Amino acid sequence: MRLTVAQALVRFLAAQYTERDGSEQRLIAGCFGIFGHGNVAGVGQALLEETEAMPFYHARNEQAMVHAAVGYARMKNRLSTFACTSSIGPGATNLVTGAALATINRLPVLLLPGDVFATRAPGTVLQELEDPTTYSVSVNDTLKPVSRFWDRVERPEQLVPSLLAAMRVLTDPAETGAVTLCLPQDVQAEAFEWPEELFARRVWRVRRPHPEPDVLARAAELIRHARRPLIVAGGGTIYAEATDALRALAEATGIGVGETQAGKGSLPYDHPQALGAIGATGTTAANAAARDADVILGVGTRWSDFTTASRSLFAEDATFVNLNVASVDAYKHAGLPLLADARVGLEALTEALHGATFETPANDWDAVVEEAYTTRHDPPAQSEVIGVVNRVSGPRDVVVCAAGSMPGDLHKLWRTRDPKGYHVEYGYSTMGYEIAGGLGIKMAAPDREVFVLVGDGSYLMMAQEIVTAVAEGVKLTIVLVQNHGYASIGALSDTVGSQRFGTKYRYRDTDDLLPVDLAANAASLGARALNATTIDEFEAALRDAVASAVTTVVQVHTDPLISAPSSDAWWDVPVAEVAALESTRAARDTYEQAKQGQRRHLAGAQRIETTA
Ligand SMILES: Cc1ncc(C[n+]2csc(CCOP(=O)(O)OP(=O)(O)O)c2C)c(N)n1
Ligand SMILES: [Mg+2]
């Protein structure tokens, strides 16, 4: 069949499916894009011919369209995602942050940036950054380190192996992330005779690898002989749809479960074995259990510094058992690498641990949550806002957040009732993910109400996808938490002795607030906009927004200086060793003390032989 490279690409993508546990779905559900030279004539023309088979969505910023694709993919537990097409130059480099976010969170997205001419015929083209030492590098090479697979299709026949490799990585449970196929603009438009089978319906089975029997036996033995074991559930638990298997293991053994940001929702908040969030933004219950634990079963977790409180949370001699599909994570903290799919691994462990029971650690955190939800401040505390959103939302609805002070507060305080109800992007914690990600989430789950929680700082960085939501009739409920600056970084600045330097939205050299009206901004983008200054006004406005059929932004003014209840845990942020300011010197003393509690976790479950 004679088609252009771009036509062949689009036709191929429309025929790709994933399969897991017997259910099939489209791997590439649609394509986001922003056209310019480098994709308007090639991929753009091909999409125009295939609007039925490959729905196109016009986004407003390339970074944001990757966020939308990521939101979609996470909601679909990585079984379905979007392609993103961009022009060359700035359109392509705008993808970099989105790609990094996708890859750090192990969420599949297919990026199709345009690229400079393969033939070089027209000479230096508009937006071409030339490398004087080689013509085979373009700005698209900046996507290499943030992609799990990267290729440049310089000849038509190269498309076939590139596409197959791209699909392999997109459907790989361990090695997935951003997949980038750079498409030189001349090659996109070139015609070629393609083999018919290229366009056949193709089903990619998403693996559920089984653990090695002797490693499983050793893991079960370690847990069975533990005095106080603990489970830490990460994002892999949810992506692998292993939450029922986790619940079964927890109920059979009594072992308590702490949750990472990506793993929050693995158990409902009121489950008897649920200890809630763990780590630097954890509950005091989970963190106390972590300090006591001698064997820790990590399930699908990257062990980020927030989870381990920068390696200060678990005992130095604690043993880690890491159930993970990715070996990079399975080997962390000298743990026993139980390389397997989370669901298969948990089911196998439950069987192997038959009869073993442990005392579930105490948990009185929900009383702290209740207090934080109902504390009455004027202007309201952020925790009250979270309480209202939690109360107004249904059990299957989704709360979305990414950066600022809210992710930590939500981690501690959100009462999660559904495995897909909590969507905080905290791998890359990208300001600007919230609204764009929310768009993709709602597209993936139109039957759920999507509550986007966004700070004023994040909103100012990337709010333009409101226009896309309005254009596509995708309804979002956006809660804009207005505290006139970076409350999170302000508080952090305070702890490192830097006196909230550069974190407020103020006129230079005064304390006067800027006359910025973000509700008016949202209205100007086509959203309904409501304003609230008291918590009761906020609740009324939020109920109104939920009842409405259109995207609504509720701006609520909060007090930036009230922080959520303490996690009683540390986060390593180095403080200047010498400083003129007394506040910095004092912070350094505190830092040095805390640093003493940092562990190495070098021995653990690995066999090491010391000569001494
Ligand atoms: C793109 C990006 N730039 C910078 C940061 C560092 N950062 C984290 S939170 C934050 C401030 C967020 O402000 P806002 O959205 O108003 O939330 P608040 O802290 O007030 O809760 C900054 C600058 C980031 N996470 N992402
Ligand atoms: Mg703010």
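**View 1. C401, a buried cysteine in a predicted model.** C401 is buried, with a relative accessible area of 0%. Buried here means under 20% relative accessible area, with over 50% called exposed and anything in between partly exposed (1.4 Å probe, protein chains only). A word on what you're looking at: this is a predicted model, where local features need pLDDT of at least 70, side-chain atom pairs count only at pLDDT 80 or more, and totals for chains, interfaces and linings use all residues. Residues are numbered from 1 along each chain as its sequence is written, chains are lettered from A and ligands numbered from 1 in the order in which they are written, and side-chain values use heavy atoms, leaving out hydrogens and water.

View 2. A disulfide is a covalent bond between the sulfur atoms of two cysteines. Counting a pair of cysteine sulfur atoms within 2.5 Å as a disulfide, the count comes to 0. C84 is in no disulfide, and the nearest cysteine sulfur, that of C31, sits 6.9 Å away. C84 is also buried, at a relative accessible area of 0%.

**View 3. The shell around ligand 1.** Here 16 residues surround ligand 1, and the closest are S405, S429, G457, G485 and S488; a residue makes the list if one of its heavy atoms lies within 4 Å. Sorted by type, the shell has 6 nonpolar, 9 polar and 1 charged. (Ala, Val, Leu, Ile, Met, Phe, Trp, Tyr, Cys and Pro count as nonpolar, Asp, Glu, Lys and Arg as charged, and the others, Gly among them, as polar.) Helix α19 (456-461) and helix α21 (487-495) each supply at least two shell residues, and α19 gives the largest share, with 4 residues.

**View 4. Polar contacts to ligand 1.** Look for oxygen atoms of ligand 1: one is 3.0 Å from a side-chain N or O atom of D456, and one is 3.0 Å from a side-chain N or O atom of N483. At A487, a polar backbone atom is 2.9 Å from an oxygen atom of the ligand. On its own, ligand 1 exposes 590 Å², and the protein buries 77% of that (Shrake-Rupley areas, 1.4 Å probe).

**View 5. The magnesium ion (ligand 2).** D456 (OD), N483 (OD1) and G485 (O) coordinate the magnesium ion at 2.0 to 2.1 Å. Along the chain, these donors follow the spacing D-x26-N-x1-G. D456 in helix α19 and G485 in the loop between β21 (477-482) and α21 are 29 residues apart, so the pair links distant parts of the chain. Both D456 and G485 are buried.

Note on methods:
A polar contact is a pair of N or O atoms within 3.5 Å; within protein, one must be able to donate a hydrogen and the other to accept it, and residues adjacent in sequence count only if both atoms are side-chain atoms. Donors are N, O and S atoms within 2.8 Å of the metal (3.2 Å for Na, K and Ca); water is not among the atoms, so sites may look incomplete.
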